[in-house]
Amino acid sequence: MPRPIDAIIFDLDGTVYLGEDALPGAVEAIAELRRRGKRTLFVSNKPLSPRAVYAAKLTRLGIPTNEREVITSAYVLGRHLASSAPHLRLYVIGEESLRAELRGFGLTVVDELMGQNHQEVINPTGIDAVVVALDRTLDYRKLNTAYQALKAGAHFFATNPDSTCPMPGGDIPDAGATIAALEHLTGRRVDLLAGKPSPLTVQVAVAELGVEPSRCLMVGDRLDTDIRMGREAGMMTAVVLSGVSSRADAERMTEPPDWIIDNLEGLLALEM
Ligand SMILES: [Mg+2]
């Protein structure tokens with residue numbers, strides 16, 4: 001049964017925009033939903049830019065957004081570690097924006113060793129936790145450093161589980177591929193995932209919105225992250241067919257989303 005909805009949480013890639021273009025109906029639909037009093041929040045698993053950059057992009061596309069209305073997996077991880085384990089020394093397989101985000105939360109990021117020898121490894125005893133994220137500069141040395149640290153007992157954290165990341169021009173390997181490599185190497189499983197479908201993302205989203213999960217609607221194009229997270233959190237869910245999922249994929253699920261819409265304009269006709 002449809003429930004009254006006070007807040008809508010939107011995935012970004014494949015839901016609101018693709019590359020540098022807003023998807024059809026997105027700008028108009030979000031403006032109208034806000035006019036109807038719905039609070040909005042945008043959630044991305046990409047840890048490649050600070051929240052302000054995503055907010056600026058949405059604003060540029062015609063969806064005025066401030067930084068507080070955007071959550072990234074990097075932000076969720078930083079916020080979680082700052083409150084639960086602020087003293088860990090982190091070795092980051094990730095890009096500069098992630099390191100800056102974590103340092104911004106007062107966390108300690110172990111610096112890269114700038115040696116010429118590519119097999120050189122930071123002393124794994126100086127690493128309390130390995131953080132894995134999308135890293136377009138990933139190399140053997142980083143993989144080996146993470147491997148040695150994990151073998152020595154470091155915690156194993158990751159920003160997001162996605163195996164690939166959509167980019168203009170085609171998708172590229174994402175954190176999930178590196179997580180799989182390290183899991184294979186160590187025989188361990190990742191200890192903590194921050195981004196969708198993690199409950200950590202739900203916690204941060206709900207805290208930012210100040211709205212109970214039962215009064216939230218999660219909208220996204222991925223069934224295994226966006227829709228799964230919303231459902232497990234007790235939110236209403238809507239899959240949008242503008243991204244990676246088809247109607248058949250959605251209908252085939254044991255517990256299909258509450259709504260299947262072609263694009264975000266479909267939200268305007270829903271009873272909520
Ligand atoms: Mg998406």
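I began with helix 5, residues 140–151. I took helices (H or I, at least four residues) and strands (E, at least two) as DSSP runs, numbered from the N terminus.

I noted where the model comes from. It is predicted, so local features need pLDDT of at least 70 and side-chain atom pairs pLDDT 80 or more, while totals for chains, interfaces and linings use all residues. Residues are numbered from 1 along each chain as its sequence is written.

Next I checked the length of helix 5. Its twelve residues should span 16 Å at 1.5 Å a residue, and its end C-alpha atoms are 16 Å apart, which agrees. The expected span is 1.5 Å times one less than the number of residues.

Which residues of helix 5 are buried? I found Lys 142, Thr 145, Ala 146, Ala 149 and Leu 150. They cover an arc of only 125° around the axis, which puts them on the same side of helix 5. The arc is that of the directions from the helix axis to the C-beta atoms. Buried means 20 or more other C-beta atoms within 10 Å of a residue's own, exposed means 12 or fewer, and partly exposed is in between; C-beta atoms are placed from the backbone. The cover over these residues includes strand 6, strand 8, strand 9 and helix 6 (175–186). Contact means that such C-beta atoms lie within 7 Å. Just after helix 5, Gly 153 has a positive phi of about 105°.

Two strands pair if DSSP finds at least two bridges between them. Strand 9 (residues 155–158) pairs with strand 12 over two bridges. Ala 158 has Leu 193 of strand 12 as its bridge partner.

Last, I looked past strand 12. Pro 197 lies in the loop between strand 12 and helix 7 (199–209). A cis peptide bond joins Lys 196 to Pro 197, with omega about 5°.

Key
Two residues are in contact if their C-beta atoms, placed from the backbone, lie within 7 Å.
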